[in-house]
Amino acid sequence: MAITLKGGYWARTRQLMWAALFLWFVLSFTIPLFAVPLNNLTFIGFPISYYFAAQGSVFGFIFLIFWHAARQDKIDREFGVSEDN
Amino acid sequence: MANYSDKSQTTRHTGRLLGIYASGFAAFVILMAILEQIGMSAKWIGFVFILTPLAVYAGIGILTRTLKIHEFYVAGRRITALRTGMASAGDWITGATFLSLAGSLFMLGYDGLAFILGLTGGYVLIAVFIAPFLRKYGAFTLPDFFAARYGGFPARLVGVGILASCSFILVVAQIRGAGLVAERFLDIPYNWGVILALVSVLICSMLGGMRAVTWTLIAQYIVLMVAYIIPILVLSVQFTSLPVPQIMYGQALEQIQSIEQNMIDTGLAGAASFQPYLQPFTHMSPLNFVALVFCFMLGTAGLPHILTRYFTTTSVRETRLSVGWSLVFVMLLLVTAPAYAAFVKLEIYQSVIGSAIVDLPDWIYTWGSVDKVSICGMAASSMDAVLNACQTQGTTVVRYDDFVMAKDVVVLAAPEIARLPFVIVALLGAGVLAATLSSANSLLLVIANSFSFDLYYKLVDRKAPSSRRLVVARTILVLTGLVATYYSVTLLPNDILKLVAWSFSLAAAGNFPALVLGIWWKRSSKFGAVLGMIAGFSTTLFYLIAYQYYDVIWLGIEDLGAGLFGVPVGFAVIIGVSYLSPEPTKGMKEFVDELRTPRGNLITDMEQERRHELAGKS
């Protein structure tokens with residue numbers, strides 16, 4: 001059964017991968033882009049761009065990994081390829 | 001899941017052990033603090049603080065020793081997500097990160113944040129693109145996966161070459177770091193410090209292999225994290241009255257900015273040469289910033305000793321979660337580092353720059369006498385030395401440009417700045433050592449495992465019984481350790497951070513494209529992969545050597561971002577050559593499908609069964 005569903009399974013997995021890749025790219029590489037213009041705004045004492053590079057992105061990465069794991073798990077279950085069914 | 005009940009029992013048991021360990025460590029620190037109060041000398045405290053943890057790590061190595069192949073290579077694949085995360089973080093946080101990250105932030109200001117982004121974002125790539133699939137394959141080593149996906153011998157050989165070179169560069173950096181710690185805290189010669197560090201690493205990884213290393217890594221993570229947090233917690237209370245340095249350093253940043261403005265107004269800092277702390281891109285161009293982030297992230301996802309950690313988890317789903325936990329534990333240290341930088345900067349702005357030389361705090365001389373702080377161009381070994389040096393420059397007040405401090409002092413001087421007892425300084429020493437050993441440990445193991453499994457077992461003697469393979473693995477472990485020690489004693493490469501960055505770029509260019517395409521693109525062929533790995537790796541190596549020794553520079557990219565050239569070359573060659581060479585066989589495409597399906601047995605399981613039978617017979 002798993003084999004007939006395979007195409008759909010991998011398409012969904014790939015979709016999720018592109019979403020994660022996009023978010024990763026935004027968190028990693030767009031922040032320095034705004035470093036200079038955003039440097040005068042502050043947030044609890046931090047210049048905003050400093051805060052995002054020092055903490056915001058890191059929290060974003062953690063959230064992204066757990067979000068991806070949960071979504072992937074849901075896809076796995078839906079297509080019956082998860083490890084415990 | 002036949003041994004499910006077994007597993008949960010082990011889990012409860014080891015959970016209790018971890019609790020006992022953590023409270024034992026706390027009791028040890030308190031005991032030492034009491035002993036200091038009743039007059040134990042600093043030298044002895046230093047000794048006990050360095051040697052006791054070493055004995056504990058070795059003890060864990062002996063207790064968890066193993067003779068089973070499965071346990072030696074992949075810890076029996078029984079490590080839960082949370083613990084894999086902690087072990088991986090222990091692995092990931094090197095002595096260089098522990099000591100120099102805060103220092104780099106201190107010196108580079110905003111630009112230093114490239115390290116924080118680079119050291120964290122790679123975990124997303126591991127979780128999404130690589131780790132779950134490697135776990136499903138059930139690899140013992142990374143080259144083993146390359147061999148299975150890309151048709152055997154050549155891919156395995158190239159994989160071993162890349163693994164050995166980038167891990168070896170990192171080991172040399174680690175052992176050097178350990179030697180420096182022993183020199184500073186035990187007051188013994190650097191060479192002896194290196195040998196002491198090597199022996200304790202070998203005891204642990206040689207006896208127990210991956211299982212012992214995993215448990216030692218967890219023990220070391222706890223030590224290094226406690227050591228890192230305590231001094232900065234106290235500093236945060238002293239400066240802001242709240243013990244949350246990760247949030248409160250925002251206030252320190254604000255004060256830093258206003259003091260800087262003030263320094264320019266009063267002429268303490270020359271307006272032309274002055275680089276404000278929070279001004280982006282004063283030390284690195286935006287392109288170099290992005291290149292560094294890129295190389296560190298892809299390097300993370302290509303470094304064998306990091307990926308190997310995820311071979312030890314209990315399932316594919318646990319693997320995904322364990323990558324997340326790794327980043328949580330890494331994050332605890334990485335979001336604290338900028339706080340060190342900010343509070344120490346503030347201390348220097350408040351009580352050094354603009355102060356009369358006679359009023360300088362004592363910690364300046366502690367570190368000046370070991371040549372880590374210089375004022376007016378001379379090591380600040382004593383007040384007289386500073387007065388003399390500054391007299392020739394015609395000043396009695398320390399100006400911004402007069403003050404120079406070595407990077408690693410930022411963390412090491414924090415306890416003295418906070419006026420904490422020596423026990424905390426010694427604790428920091430134990431932390432650096434834990435960070436250094438943890439990485440050295442798993443790096444050595446990953447090299448030795450690969451040599452014994454991929455070269456000896458797979459290429460030389462396919463019928464070797466498990467006992468002989470373990471002997472080979474251990475012999476190689478010792479040899480690698482000795483060679484790395486030799487290099488770290490004789491060759492003194494300029495900068496530990498540089499070595500680390502080199503290794504990242506090489507791993508990114510050599511391994512990352514072949515790994516990702518091997519899993520995500522069925523068309524990638526063995527010729528493409530082997531040539532692509534060689535091309536990516538050599539391009540990066542060529543640029544590193546050309547940059548370092550022949551002053552070549554392309555597009556203004558510094559060596560820290562060398563992978564920016566190698567990675568695209570790697571991808572391009574794999575894709576190009578794959579289209580030109582024959583399509584992978586139907587069997588290979590089914591293999592990739594199997595890789596992408598979490599359900600079912602490990603792909604290597606059948607093979608392992610056979611091996612066990614062989615081992616049983618002989």
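These questions and answers cover the cavities of a predicted model. Residues count from 1 along each chain as its sequence is written, chains are lettered from A in the order written, and hydrogens and water are left out of side-chain values. Local features need pLDDT of at least 70 and side-chain atom pairs 80 or more, while totals for linings use all residues.

Me: How many cavities of 30 Å³ or more does the structure hold?
Reply: A cavity is a set of points, on a 1 Å grid over the protein atoms alone, where a 1.4 Å probe fits but cannot get out. Volume is the space filled by probe spheres set on the points, which are joined across faces, edges and corners. At 30 Å³ or more, the count is seven.

Me: Which element gives the most to the lining of the largest cavity?
Reply: This cavity has a volume of about 160 Å³. Its lining holds 18 residues, B:Thr94 and B:Leu119 among those closest to the centre; lining residues have an atom within 4 Å of a point. Helices are DSSP runs (H or I, at least four residues), numbered from the N terminus. With five residues, the top contributor is H5(B).

Me: How many charged residues are in the lining of the second largest cavity?
Reply: About 110 Å³ of space lies here, and A:Tyr9 and B:Arg320 are among the residues nearest the centre. Asp, Glu, Lys and Arg count as charged; Ala, Val, Leu, Ile, Met, Phe, Trp, Tyr, Cys and Pro as nonpolar; the others, Gly among them, as polar. The lining has ten nonpolar and four polar residues, and the charged ones number three.

Terms used. On a 1 Å grid over the protein atoms alone, a cavity is a set of points where a 1.4 Å probe fits but cannot get out, and a pocket is an open set with protein on both sides within 12 Å along at least five of seven lines; lining residues have an atom within 4 Å of a point. Helices (H or I, at least four residues) and strands (E, at least two) are DSSP runs, numbered from the N terminus.
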